[in-house]
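Please work through the exercises below with the sequence and the 3D view side by side. Each task is followed by a solution that goes step by step.

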Amino acid sequence: MGMQTTFVMVKPDGVQRGLVGNIIQRFENKGLRLVALRQITPSLELAESHYAVHSERPFYSGLIEFITSGPVVAMAWTGVDAISVARNIIGPTNGREAAPGTIRGDFAMDIGHNIIHGSDGEDTAAFELGLWFPEGVIEWTRDAESQIYE
Ligand code: DAT
Ligand code: MG
């Protein structure tokens, strides 16, 4: 158990369906802390780097075509065990098998168009954060009380 930062991305289907706000709300509600946020239509190069681990899979070309088809919202979230916590919020890959209450369980009916990506381990998270946020993330801690009064 320890503090981790994980990479999360709302895919083009999630952006087009207007689910970005709902998705961010779930991570905030859980207690994770948003440390980076960026909307971008991924270049072919960025998409291929991100999904390089799947380059030999039969679905790879469709996956690249999908992820470069429009804007995505890339985020970094920090918290204790943030990688597995985020994966639990997201749910398993196939939306039809994902339990209600998870993002994929609530919003997805497909395995490819499954709304959201989350890093699957520490090495993956480090790689993906460096890829999408080469400038690094924002160092901050929450202190709501001091913001309520001037
Ligand atoms: P996850 O996104 O749950 O970590 P993954 O890493 O195995 O899943 O696969 C990456 C993405 O590739 C996944 O979100 C959707 C797509 N994908 C995976 N398996 C697929 C399949 N059998 N057919 C079509 N797309 C698939
Ligand atoms: Mg994965």
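**Exercise 1: A patch on the surface**

Met1, Met3 and Val80 together form a nonpolar surface patch with about 390 Å² of accessible area. Locate this patch in the predicted model, and decide whether methionine 1 is buried or exposed.

Solution. Begin with the terms: a patch is made of residues with over 30% relative accessible area and no salt bridge, where like charges are joined within 9 Å and nonpolar side chains (Val, Leu, Ile, Met, Phe, Trp, Tyr) within 5 Å. A salt bridge here is a side-chain nitrogen of Lys or Arg within 4 Å of a carboxyl oxygen of Asp or Glu, and accessible areas come from the Shrake-Rupley method with a 1.4 Å probe, with only the protein chains shown counting as cover for residues. Next, find methionine 1 in the segment before β1 (3-10). Finally, methionine 1 has 89% relative accessibility and therefore counts as exposed, given that buried means under 20% relative accessible area, exposed over 50%, and partly exposed in between (1.4 Å probe, protein chains only).

Residues are numbered from 1 along each chain as its sequence is written, and chains are lettered from A and ligands numbered from 1 in the order in which they are written. Because this is a predicted model, local features need pLDDT of at least 70 and side-chain atom pairs count only at pLDDT 80 or more, while totals for chains, interfaces and linings use all residues; side-chain values use heavy atoms, with hydrogens and water left out.

**Exercise 2: The overall plan**

State how many helices and strands the protein has, and in which order the elements run.

Solution. Helices (H or I, at least four residues) and strands (E, at least two) are DSSP runs, numbered from the N terminus. On that basis the protein has eight helices and four strands, and from the N terminus on the order is β-α-α-β-α-α-β-α-α-β-α-α. As a further step, take the contacts (heavy atoms within 4.5 Å) between residues at least 6 apart in sequence: 78% of these join residues at least 24 apart. Buried residues, for their part, make up 45% of the 150 residues.

**Exercise 3: Around glutamate 128**

Find out which side chain makes a polar contact with glutamate 128 from histidine 117, and which distance applies to serine 119.

Solution. A polar contact is a pair of N or O atoms within 3.5 Å; within protein, one must be able to donate a hydrogen and the other to accept it, and residues adjacent in sequence count only if both atoms are side-chain atoms. Start in strand β4 (residues 116-118), where histidine 117 is found; its relative accessible area is 11%, so histidine 117 is buried. The side chain of histidine 117 makes its polar contact with the side chain of glutamate 128 at 3.0 Å. Then move to the loop between β4 and α7 (122-132), which holds serine 119, a residue that is buried at 1% relative accessibility. The side chains of serine 119 and glutamate 128 are joined by a polar contact of 2.6 Å.
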